[in-house]
Amino acid sequence: MKTFKQFVCESHPMYGMSFDDFDQSDNGWRSLPDKEHSRVISGYLRKNSNKLKPRHRDILNWHLGQAYAMKDNTKRAIRHMEKSTQSGDDQWNNYARATISFLKGDKENFDRYSSGQNNNKETLDNLRNNFGKSYKDAY
């Protein structure tokens, strides 16, 4: 017999959405209260894992990691963020590694990975200027 939590995780109406609708639209997981983000993204990944393209799984793992980081659950955040790295995408990988270094409080590696050209420069600057603060406060 399933617990109520298992039933809720398997039956959320958003789990039937396409990846683009779930992750990239205003009607997806971002429309929910912050406290629901990690639960709903995690459930979506479980329910749709076999249907998702590898890159979509990576993006959802990144967003799941961010949701955990916003709740100061650093261990889970890092575990999911590490799943988002892409072979051949140095810019993304450097952003991911810099963020993970921020969460670990590793300034040396943060500086190493956050230097250079990056599409996420504004976020990296926020993390740099707020190093030592929570991810939620720095982001």
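**Exercise 1.** Find which residues of α4 meet which residues of α5, and sort them by class.

*Solution.* Start with α4: Asn 61, Trp 62, Leu 64, Gly 65, Gln 66, Tyr 68 and Ala 69 take part. Their partners in α5 are Arg 76, Ala 77, His 80 and Met 81. Contact here means heavy atoms within 4.5 Å. Sorted by class, this contact holds six nonpolar, four polar and one charged residues. For the sorting, Ala, Val, Leu, Ile, Met, Phe, Trp, Tyr, Cys and Pro count as nonpolar, Asp, Glu, Lys and Arg as charged, and the others, Gly among them, as polar.

Two notes before you go on. This is a predicted model, in which local features need pLDDT of at least 70 and side-chain atom pairs count only at pLDDT 80 or more, while totals for chains, interfaces and linings use all residues. Residues are numbered from 1 along each chain as its sequence is written, and side-chain values use heavy atoms, with hydrogens and water left out.

**Exercise 2.** Describe how α4 and α5 are oriented towards each other.

*Solution.* First locate the helices (DSSP runs of H or I, at least four residues, numbered from the N terminus): α4 covers residues 54-70 and α5 residues 74-82. Next, take the angle between their axes, about 165°, and the distance between these axes, 7 Å. Axes are lines fitted to C-alpha atoms over the stretch in contact, and angles run from 0 to 180 degrees between N-to-C directions. The two helices are therefore roughly antiparallel, a label for angles over 145 degrees.

**Exercise 3.** Which residues have the most contacts inside the largest nonpolar core?

*Solution.* The core has 33 residues, and Phe 22, Leu 60 and Leu 103 have the most contacts inside it. Such a core is a set of buried Ala, Val, Leu, Ile, Met, Phe, Trp, Tyr and Cys residues joined through side-chain atoms within 4.5 Å. Its largest share, seven residues, comes from α6. Now look around Leu 60: beyond neighbours within four places in sequence, its contacts include Phe 19, Phe 22, Ile 41 and Tyr 44.

**Exercise 4.** Is Trp 92 buried or exposed?

*Solution.* Begin with its place, helix α6. Its relative accessibility is 15%, so Trp 92 counts as buried (under 20% relative accessible area, with a 1.4 Å probe and protein chains only). Leaving aside neighbours within four places in sequence, Trp 92 touches several residues, among them Arg 55, Trp 62 and Asn 120.

Methods
Parallel < 35°, antiparallel > 145°, perpendicular 65-115°, else oblique. Buried < 20%, exposed > 50% of the residue type's maximum accessible area, 1.4 Å probe, protein only.
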